[in-house]
Structure formats: structure tokens, C-alpha cells
Amino acid sequence: MTGLNELLLQQDKLLDDMMLLLEEEFVLLKQRQALSLPDIASKKQLLLEQLQRNDASISQHPDQPQLDGPLSAQKEHLVEKLRQCQERNEVNGKLLELSLASNRRLAGVLTQIRDRNSMTYDSKGSAHAAGNMNLNLKA
């Protein structure tokens with residue numbers, strides 16, 4: 001069985017890896033590089049699963065009561081790192097929501113421009129949507 005101290009060190013490294021990944025995600029969101037986000041999401045999911053498995057191992061370890069005694073400082077350090085990861089993830093989520101809203105507004109503007117450009121007027125000045133005009137012109 002893996003020692004409790006070793007499990008705590010693994011958890012610390014996993015949380016460091018998660019923070020680095022969240023920082024990378026933040027940069028990609030700021031740079032609007034959405035095509036790279038699915039890869040980051042997959043990596044985050046894998047890390048999260050590893051963190052959960054490791055956490056389960058820690059909670060079932062026979063030396064687990066030491067987390068409230070001699071290992072309490074190490075435990076608090078890990079809890080703080082986890083909190084920082086959660087905060088960064090929330091910030092990234094809000095940035096993603098803002099980016100999506102911006103893209104929706106842009107799509108709306110482009111749709112309006114397209115619709116405006118497809119308007120035609122007859123000899124009386126009445127507006128008509130041109131759309132796909134099938135004029136059957138032969139050259």
C-alpha cells in the first residue's frame with residue numbers, strides 16, 4: 001500500500017498540474033483560440049479523475065487520522081491549492097461565457113448585414129427580400 005505522505009505528494013503534484021492547465025486555458029480564452037479548448041478540457045477531465053481517485057485513496061488509508069494531527073499543515077496546503085484551482089476555473093468559465101456572448105452578438109450583426117444586403121426595391125420604392133434570385137438568365 002502506498003504511504004499516506006506519498007499520496008499527499010501525488011495530490012500536490014496533480015493540483016500543480018491542474019493549476020498550470022487552468023492558466024493555459026485562461027491564456028487561450030484571452031487570445032480567443034477556441035479550437036484548442038477541447039484538448040484542454042480533455043486534459044482537465046483526466047486530471048480531475050486522477051485527483052478524485054487519489055482523494056479516495058487518501059480517505060481510505062489506514063493512516064488517514066494523521067491528517068488531523070501531524071499532517072494537518074500538509075492537508076491545509078492541499079485544500080488551499082484546491083480552492084485556488086476552483087477559483088481559476090470559475091474565472092475561466094466566466095471568460096468563456098463572455099466570449100460566447102460576444103460571438104453571438106457578432107453573429108447577429110453579420111446576419112443583419114446579410115439581410116440588409118439582400119434587400120431590393122421595386123420601381124415604387126417598396127422593399128423586397130432578394131434571397132436567392134432565380135432569374136433564369138441565359139447568356
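I define a salt bridge as a side-chain nitrogen of Lys or Arg within 4 Å of a carboxyl oxygen of Asp or Glu. By this rule I count eight salt bridges.

**Entry 1: the model.** I note that this is a predicted model, in which local features need pLDDT of at least 70 and side-chain atom pairs count only at pLDDT 80 or more, while totals for chains, interfaces and linings use all residues. Residues are numbered from 1 along each chain as its sequence is written, and side-chain values use heavy atoms, with hydrogens and water left out.

**Entry 2: the chain as a whole.** I looked up the secondary structure, taking helices (H or I, at least four residues) and strands (E, at least two) as DSSP runs numbered from the N terminus. The protein chain has three helices and two strands. Their order from the N terminus is α-α-α-β-β.

I then looked up accessibility, with areas from the Shrake-Rupley method and a 1.4 Å probe; for residues, only the protein chains shown count as cover. The protein chain exposes about 10300 Å², of which carbon and sulfur atoms supply 54%. I call a residue buried under 20% relative accessible area, exposed over 50%, and partly exposed in between (1.4 Å probe, protein chains only). Of the 139 residues in the protein chain, 22% are buried.

For contacts I require heavy atoms within 4.5 Å. Among contacts in the protein chain between residues at least 6 apart in sequence, 69% join residues at least 24 apart.

Entry 3: Side chains of opposite charge can pair when their charged atoms come close. I found Asp-17 and Lys-13 joined by a salt bridge at 3.0 Å, N to O. Both residues lie in helix α1, four residues apart, which is about one turn of the helix. Asp-17 counts as partly exposed because its relative accessibility is 26%.

In helix α2, I looked up Lys-43 and Asp-39, which are again four residues apart, about one turn of the helix. Their side chains form a salt bridge at 3.4 Å, N to O. Lys-43 has a relative accessible area of 38%, so I record it as partly exposed. Asp-39, at 43%, is partly exposed as well. I also noted a network in which salt bridges that share partners join Asp-12, Asp-16 and Lys-81.

Entry 4: Which residues does Glu-25 contact, leaving aside its neighbours within four places in sequence? I found Leu-37, Ile-40, Lys-44, Asn-89 and Asn-92. With Lys-44, Glu-25 forms a salt bridge at 3.2 Å, N to O. Glu-25 lies in helix α1 and Lys-44 in helix α2 (residues 37–60), so the pair ties together parts that are 19 residues apart in sequence. Helix α1 itself covers residues 4–30. Both Glu-25 and Lys-44 are buried; Glu-25 counts as such because its relative accessibility is 10%.

**Entry 5: the nonpolar core.** In soluble globular proteins, nonpolar side chains tend to be buried together. I define a nonpolar core as a set of buried Ala, Val, Leu, Ile, Met, Phe, Trp, Tyr and Cys residues joined through side-chain atoms within 4.5 Å. The largest one has 20 residues, and those with the most contacts inside it are Leu-4, Leu-8, Met-18, Ile-58, Leu-67 and Cys-85. Helices α1, α2 and α3 (72–117) each supply at least two residues of this core. Helix α1 gives the most, with eleven residues.

I finally looked up Leu-67, not counting residues up to four places away in sequence; Leu-67 touches Leu-4, Leu-8, Ile-58, Ser-72 and Lys-75.
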